[in-house]
Amino acid sequence: MQELEERSRQQDRLLAEVIAQRDVIRQLSVPVLPVGPATLVMPLIGAIDRGRLTTIQQQALTIIGQQHARWLILDVTGVPVIDTEVAGGLTQLMQSVRLLGADVVLVGVECGLKSPRR
């Protein structure tokens, strides 16, 4: 019985370690970089799911609050698809950033318009 209890405690410790590592990896996948005294850039690369969208929102708001940034440049050039859920989450982020007294510049969006061929 003691052996089972010890194994259970060891599994709990390992699970907690894996969860902590996953959280660190998730935060590192959403860098917020200073590019000026009051300007931050958040380059996004890869697919954005609901969990990653939440991390993006939390990271941006936390860093803007900590650094009292005036501008956040949100670069979505590396995001292959922005569906309605992601667009809504980014819009919500932009509104939240404005409540903190900062502005957002969204870059890297291709509007999909093509010039006619001649």
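**Reading the sheet, the core and a loop residue**

Q: What does Leu72 touch in this predicted model?
A: Leaving aside residues up to four places away in sequence, Leu72 touches Leu40, Met42, Ala60, Ile64, Val97, Asp103, Val104 and Val105, where touching means that heavy atoms lie within 4.5 Å.

Q: Which residues have the most contacts inside the largest nonpolar core, and which elements give two or more residues to this core?
A: Met42, Leu44 and Leu72 have the most contacts inside this core, which has 23 residues. The elements that give two or more residues are E2, H2, E3 and helix H3 (84–99). In soluble globular proteins, nonpolar side chains tend to be buried together.

Q: Why are strand E1 and strand E4 said to stand at the edges?
A: The open sheet has 4 strands in the order E1-E2-E3-E4, with mixed pairing. Strand E1 (33–36) and strand E4 (103–107) each have a single partner strand, so one side of each is left without a neighbour in the sheet.

Q: How do you know that E1 and E2 count as paired strands?
A: Pairing needs at least two bridges between two strands, and 3 bridges join E1 to strand E2 (residues 39–45), with the two running antiparallel; therefore E1 and E2 meet the requirement. Within this part of the sheet, Leu33 stands opposite Val41 in E2.

Q: Why is His68 called exposed?
A: A residue is exposed when its relative accessible area is over 50%, and His68 has 67%, so His68 is exposed. His68 is placed in the loop between H2 and E3, and His68 has a positive phi of about 50 degrees although it is not a glycine.

Methods:
Residues numbered from 1 in each chain as written. Predicted model: local features only at pLDDT ≥ 70, side-chain atom pairs only at ≥ 80, totals over all residues. Heavy atoms only, no water. Core = buried A, V, L, I, M, F, W, Y, C linked by side-chain atoms within 4.5 Å. Buried < 20%, exposed > 50% of the residue type's maximum accessible area, 1.4 Å probe, protein only.
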